[in-house]
Each structure stands twice: as structure tokens, then as C-alpha cells.
Amino acid sequence: MTLPKVRVPYLLLFPGFAFLFTFFILPIINLAQTSTQTRVSGGDTGQYEQTLAFSNYVNAFLDNKEQFGRSFVYATLATILALAIAYPLAYAIAFKAGKFKNILLVLVVAPFFTSFLLRTIAWKQILGEEGFVVPGLRSLHIIGQQTTLTSTSVAVVAGMTYNFLPFMTLPLYASLERIDPRTIEAAGDLYANGITAFRRVTMPLSLPGVVAGTLLTFIPAAGDYVNAAILGSPNTKMIGNVIESRYFKIVDYPTAAALSFTLMAAILILVTLYIRKAGTEELV
Amino acid sequence: MAKERSLSPEARSILGTQISRRAVLAGAGGIGAAGLLVACGGGGDNASAENTVRWGNWPLYLDFDEASKTYPTLVKFSEKTGIDAKYFEDYNDNDEFFGKVQAQLKLGEDIGYDVVTPTDWMAARWIRLGYAQKYDAANIPNKVNILDSLASPSYDPNRESTLTWQGIMGGFGWNVQKNPKGIRTLDDLFAPQNKGKIVVLTEMRDTIGVILLGQGVDITKVTEDQFMNAVDFVAKKISDGWIRGVKGNEYAEDLTSGDATAVIGWSGDMFILASENEGKFDFAIPESGGTISGDNLMIPSTASAAGKANAEKMINYYYEPAVAAEVAAYVNYVCPVKGAQAEMEKIAPELATSEYIFPTEKTASRLNVFRSLTPDEETKWAEAFQQAQGN
């Protein structure tokens with residue numbers, strides 16, 4: 001009777017593994033194969049053959065250093081901004097919202113009811129030359145007559161911050177909400193003032209939420225191309241835009257695949273370093 | 001239509017199709033962007049029933065009735081033949097569409113369409129790769145109605161597997177308030193009032209074509225050096241902050257939102273933008289010449305025999321002059337069908353004299369066709385153009 005017991009976990013794991021195998025492992029293998037192909041000499045557009053050209057990786061990286069750098073800078077900025085906005089928000093919902101807690105949570109999630117793409121396009125229109133924001137700021141002399149808001153790196157980072165804000169807010173809220181208020185009271189009993197209690201008790205206890213939130217923001221932001229495509233200009237292209245262009249416009253599948261792998265590896269390394277540094281075993 | 005005699009065969013092959021499909025007006029700019037994501041998913045329809053035909057076409061490229069939300073000419077076709085025509089506006093970009101269906105074409109799996117609508121150079125690629133089926137000529141007697149100027153493009157000299165859907169002119173479009181004198185030359189385009197508000201097309205052959213023509217280069221014979229020189233010119237204008245964006249359909253939206261004041265764009269879009277915004281916008285073929293290209297009705301190699309026969313019936317139907325005139329009255333692109341101009345007199349006389357739909361010989365002679373590229377050139381040139389855009 002012990003055998004079935006051993007089998008149960010495997011049975012439970014099977015659907016997940018089957019799914020991952022079909023939709024993650026197989027495509028990854030395919031991508032890896034593609035990444036070392038080169039053009040068939042005399043072949044037509046989009047015809048490639050396997051030549052184990054690992055130099056594809058070097059060329060792909062060297063040709064697009066700038067966009068790689070930009071992706072990580074933008075993603076980092078968006079993550080920091082999202083954290084700065086989401087932490088007070090999550091804190092207020094968790095500790096101060098009282099009966100409005102559920103309504104506020106719904107409001108945080110509400111943007112998800114509309115497509116990511118439509119929301120970004122809406123921002124483009126709001127920040128456009130003939131929206132109300134630009135003429136308003138111009139008449140108040142906050143921005144110059146020639147300054148524009150769209151097609152700038154500011155617009156791209158702002159768009160990413162906005163789009164990924166709920167991914168930051170919700171894990172923060174979950175970890176803050178879990179904090180036993182009595183621990184904060186205890187800090188007060190031990191003569192900690194509000195700031196000290198926050199620094200020594202609330203913040204450390206919310207750290208898993210911070211790590212989860214920053215990862216959930218940073219990882220998709222680094223690979224994002226929608227914000228740069230809609231809100232940016234040719235001077236703000238990110239690595240996601242390059243991969244899209246390589247795949248669809250130039251029909252250069254090997255370079256697109258090599259760039260995708262390089263991006264995955266870079267994110268993996270950064271995330272590993274970050275988790276080690278943050279030291280939250282509780283997470284993941 | 002002996003008007004286009006002075007055109008090269010290549011130019012003729014392009015006179016015919018692209019104005020309204022690119023007319024993505026204010027608020028509809030999302031189509032292009034949506035294409036970014038849609039491109040990753042499947043399209044079309046997997047059912048290939050006996051009595052249906054599935055057509056993948058560009059957005060806003062077929063007469064549409066706002067009130068009933070139907071395509072009148074397509075409805076009439078279905079009533080007449082009993083064939084259920086399924087219409088998909090999901091051909092947003094030549095490269096993206098190719099990227100989406102290429103793997104299935106290669107494997108011979110149904111791509112979900114019995115008719116697709118690639119632009120000339122892309123149609124040429126499909127034919128080269130064996131992804132297009134030849135028509136059964138008996139099913140398309142109206143084939144003889146194609147304009148003489150379009151009858152024998154280099155990629156399909158006898159029109160055995162393609163017929164032009166519409167023709168598209170590329171040139172300058174502008175906001176009349178910001179450019180009261182209009183734009184006729186590259187200097188007019190890169191005038192101080194347009195700095196940072198110029199948008200050019202992602203369609204390489206139109207953007208680089210117009211610039212090359214402005215530089216005095218014959219695009220029917222352009223060399224790699226000349227091409228790369230023009231790409232460098234664009235790259236410089238981007239890094240110096242003159243060009244705000246390189247876009248597909250969305251440039252029309254940028255014009256209406258004020259983000260763009262001058263563009264390298266397509267005639268039909270500009271024509272519709274102008275009529276919907278009380279003449280706020282205008283279009284002109286550059287002094288040094290504009291570009292012309294065509295979109296083609298083509299049956300993919302993966303269409304079933306029934307699908308192919310139905311597709312041929314539909315293509316034949318759209319080559320009836322009266323039907324072609326009805327479509328042209330809506331899309332405002334260059335109409336490829338003989339006799340459509342006479343039919344247009346009956347339904348919309350003011351359009352029968354439109355240079356955008358029925359160009360006179362004088363107009364046609366100012367339009368040029370970008371020469372066909374070898375596969376090597378296609379990849380290398382596209383790469384250079386993409387890199388100029390920061391990709």
C-alpha cells in the first residue's frame with residue numbers, strides 16, 4: 001500500500017510538468033537551435049541552416065549593447081518609481097483604510113479589466129500635443145513651448161511604472177497585511193517612536209513583499225516593448241523592440257533567438273544576485 | 001485607361017491599391033499597435049468548409065457600412081453565390097504577417113486564409129518560395145479587366161497567381177495650419193516648424209524611396225551605396241531629433257493628435273484624414289516624384305481545393321467594374337479595374353475625376369516603383385533600415 005502513496009506527488013506534478021515541457025522546454029530547445037543558425041547561401045529570405053554559429057551571440061550583443069543597457073536602466077527606474085508609489089499606497093490600504101480596504105484593492109486591480117495595450121494607447125493620447133496635459137502645462141510655463149511628453153524616455157519609464165504598478169502593490173499589500181499589529185504595538189511599548197518602529201519592525205517584515213514586487217515589476221519591464229513602441233521614439237528603443245524587429249521585420253530568426261537567450265540569461269543573473277543579496281528564503 | 005502609358009511596367013504593377021486600407025484615422029491608431037500583439041497569436045479561421053472563403057486583408061480596406069456593421073460588396077457576393085465569405089482585417093504589416101504564417105506555409109498546414117493581400121515585393125517572395133497557388137483562369141474571366149499598366153509585373157508576368165487589389169501612392173502629407181505653403185521637397189519636410197514632429201513610414205520602400213527620389217536617385221535602379229546613404233540620412237534625422245517616429249498605420253493618429261505635423265505617408269490615408277478634419281491635412285506627390293506600390297489578391301499554397309475555387313469566384317467578383325468602383329469609392333486607393341471609372345461616374349461622379357483613384361497619365365508618370373531586391377539585399381537593407389530606427 002505504500003506504492004500509491006509514493007506515486008501521488010508525481011501524479012499531482014504531472015499536469016504542471018507536462019505543461020511546462022510542452023510550452024516552455026520544447027520552445028526553449030527550438031529557440032536554442034535557431035540561435036546558432038546562419039543563412040543558407042543563395043537561399044531566400046527567412047531560410048536558415050544549422051551551422052552552430054555561436055558568434056551569433058557575440059554579434060547580437062555587440063550590435064545592441066545600447067538597447068540592452070537602456071532596457072535595464074528603464075526597468076530599474078520603473079521598478080524604483082513603482083516601489084516609491086506602491087509602498088505608501090499598500091501601507092495605507094493595509095493599515096489605514098478601515099472599511100474602504102476592499103474598495104481600494106478593487107481600484108488597484110481595476111486597470112486589469114482593460115487591455116494593457118489600450119491603456120498604453122490612452123496614455124499616448126492623454127500626453128499628446130492636443131490632449132489637455134501638454135497645453136495645460138505649457139500655459140502654466142511648467143514645460144517649454146517645444147517640450148513634448150510623448151516620444152521621450154520619460155514617457156516610456158512613466159508608462160512602464162504605471163502598467164506594472166499593480167504587480168508591485170499587491171505583493172506589498174499581502175505582506176504588510178500579514179503583519180501582526182501587536183508587533184508594532186510592542187515596539188511602541190519598548191519606547192520606539194513611529195519611525196523607529198517602522199524601520200525596525202514593519203519594514204523588515206514587509207521585505208518579502210518588496211522582493212516579490214520588485215521582481216514582478218523588473219522582469220517583465222526589462223523585456224517590455226509595448227511601452228517603448230507606443231510612448232517612445234527611435235531613440236528610446238528597448239531590447240524587446242529589437243527582438244520584435246529582428247523576428248518580424250528583418251526575418252532574422254537566429255539573431256532574434258540569440259538576443260532572447262542573452263536577455264533571459266542577463267535577467268536570471270541579475271535576479272539571482274538580487275535574491276541572494278536580499279536574502280529572503282521565505283520568498284520563492 | 002490609356003492614361004498610364006508612360007509608366008514603366010513596374011510602376012503599373014503598383015498602380016492600384018493602397019489608400020484606404022491605411023486610412024487608420026484618429027482613435028483607430030491602436031490597430032497597428034494591436035498588431036504588435038496580435039502578430040503573436042493565430043489569425044484567420046481553422047475551419048475550411050466547402051462553402052466558405054476566408055480572406056485576410058488590411059484594416060479599412062473594404063467598403064464598410066457603419067450602420068449595419070457589414071461589408072456591402074461582400075454581403076452581395078455571399079447572397080449571389082451562396083458562399084460564406086469570412087473577412088479578417090488582420091493583415092497589418094507585410095513582414096509581421098509573413099512571420100506569423102511562414103512556419104505553417106513551410107509545413108503545408110492550413111494558415112486560416114484562402115485569400116491574402118500582400119504588397120508586390122512580398123507577393124514576389126511568396127511566389128519565389130512556392131507559397132502561392134496559380135489561379136484556374138476559367139474561374140476568373142474578369143481577369144481581362146486589369147489595367148494594362150498592371151497586367152505584367154516582373155514577379156508574375158502573366159498574372160497567373162496575383163491580381164492587384166488596390167494601388168498605393170507614397171508622398172508627403174502635412175498639417176495645413178503648420179505648413180501653409182505645403183510640402184513639395186525634402187527641404188520643406190525638414191523645415192524648422194516640423195522639427196521633432198515628422199513621422200515617416202515603416203514601409204522601407206516608401207520612406208527610403210521618397211528620400212532617394214528627393215536626392216535625385218532613380219529608385220528603379222537604386223544601388224546599395226545609394227540606399228545606405230539614404231538610410232544614413234534618416235538615421236541622422238532621427239538622432240538629431242527631426243524625426244519623431246517611424247510608424248505604420250499609426251501616423252494618421254499622430255497627425256490628428258498634433259504629435260506629427262508632417263509625414264511621409266500614403267495618399268488614401270491623407271485623403272480621408274483631410275475629408276474628416278475639414279481640410280486640415282493635405283497630401284502631395286513630391287516634386288522629385290513619389291512611390292507607387294500595389295497589394296495583391298493571392299491564394300496561399302495551403303488553401304483547399306474548395307477554398308481555392310471559392311476564392312477565385314470572389315476575386316472574379318471584385319474585378320467586375322461596378323463592384324470595383326463601389327470599393328474604390330470607399331477606400332480611395334488607386335483602382336486597378338478597367339471600366340471602374342465609368343461606373344464611378346454613376347455612383348460618385350466627384351470621385352471619378354480623383355487623381356488618387358484614377359490617376360491621369362501626367363500624375364502616373366511622377367510615380368516610381370522601388371526596384372525588386374534579391375533575397376540577400378532584402379535582408380541586408382531591411383536590417384540597415386531597422387537599425388536606423390533604433391532597432
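These are my notebook entries on what I looked up in this predicted model.

**Entry 1: chain A overall**

I started with the parts list. Chain A has 12 helices and 2 strands. Reading from the N terminus, I get α-β-β-α-α-α-α-α-α-α-α-α-α-α. I then checked the extent of the chain: its C-alpha atoms fill a box of roughly 80 × 80 × 35 Å along the principal axes. Of the 284 residues in chain A, 35% count as buried. I also looked at contacts between residues at least 6 apart in sequence, and 69% of those in chain A join residues at least 24 apart.

**Entry 2: what the record says about chain A**

I looked up UniProt next, where the entry is unreviewed. The same record marks "transmembrane region" at residues 12-32, 72-94, 100-118 and 256-275 of chain A.

I took two of these for a check. Residues 72-94 of chain A are 100% helix, with end C-alpha atoms 31 Å apart. Residues 100-118 of chain A are 63% helix and 0% strand, and there the ends are 28 Å apart.

**Entry 3: H7 and H9 of chain A**

How do H7(A) and H9(A) pack? I found an angle of about 160 degrees between helix H7 (residues 153-178) and helix H9 (residues 194-223) of chain A, with the axes 8 Å apart. Anything over 145 degrees counts as roughly antiparallel, so H7(A) and H9(A) are roughly antiparallel to each other. The crossing is right-handed.

I then went through the contact residues. From H7(A) they include Phe164(A), Phe167(A) and Leu172(A), and from H9(A) they include Gly209(A), Val210(A) and Leu216(A).

**Entry 4: H11 and H12 of chain A**

Helix H11 (residues 239-249) and helix H12 (residues 253-278) of chain A have axes that come within 8 Å and cross at roughly 155 degrees. That makes H11(A) roughly antiparallel to H12(A). Is this crossing left-handed or right-handed? I noted it down as left-handed.

On the H11(A) side, the contact is made by Ile239(A), Val242(A), Ile243(A), Arg246(A) and Tyr247(A). Among the H12(A) partners are Tyr253(A), Leu259(A) and Leu263(A). The contact divides into 8 nonpolar, 2 polar and 1 charged residue.

**Entry 5: where chain B touches chain A**

I counted residues across the interface: 32 of chain B are in contact with 31 of chain A. Several elements of chain B supply at least two residues each, including helix H2 (30-38), helix H8 (224-239) and strand E5 (243-247). Which element gives the most to this side? I found that H16(B) does, with 6 residues. By class, the side of chain B that touches chain A has 10 nonpolar, 14 polar and 8 charged residues.

**Entry 6: a helix inside chain B**

Last, I looked at helix H12 (residues 321-331) of chain B. Here 9 of the 11 residues are buried, so the helix is largely enclosed by the rest of the structure. Among the buried ones I listed Val323(B), Glu326(B) and Tyr330(B). The buried residues of H12(B) pack against several elements of chain B, including helix H3 (72-81), strand E3 (162-175) and helix H11 (305-318). Just after H12(B), I spotted Asn332(B) with a positive phi of about 60 degrees.

Conventions. Residues numbered from 1 in each chain as written. Chains lettered and ligands numbered in written order. Predicted model: local features only at pLDDT ≥ 70, side-chain atom pairs only at ≥ 80, totals over all residues. Axes fitted to C-alpha atoms, helices over the stretch in contact; angles between N-to-C directions. Helix = DSSP H or I, 4+ residues; strand = E, 2+ residues; numbered from the N terminus. Parallel < 35°, antiparallel > 145°, perpendicular 65-115°, else oblique. Left-handed = near helix turned anticlockwise from the far one by under 90°. Contact = placed C-beta atoms within 7 Å. Nonpolar A, V, L, I, M, F, W, Y, C, P; charged D, E, K, R; others polar. Buried ≥ 20, exposed ≤ 12 C-beta atoms within 10 Å, placed from the backbone. UniProt positions renumbered as here; feature names shortened; annotations may be inferred.
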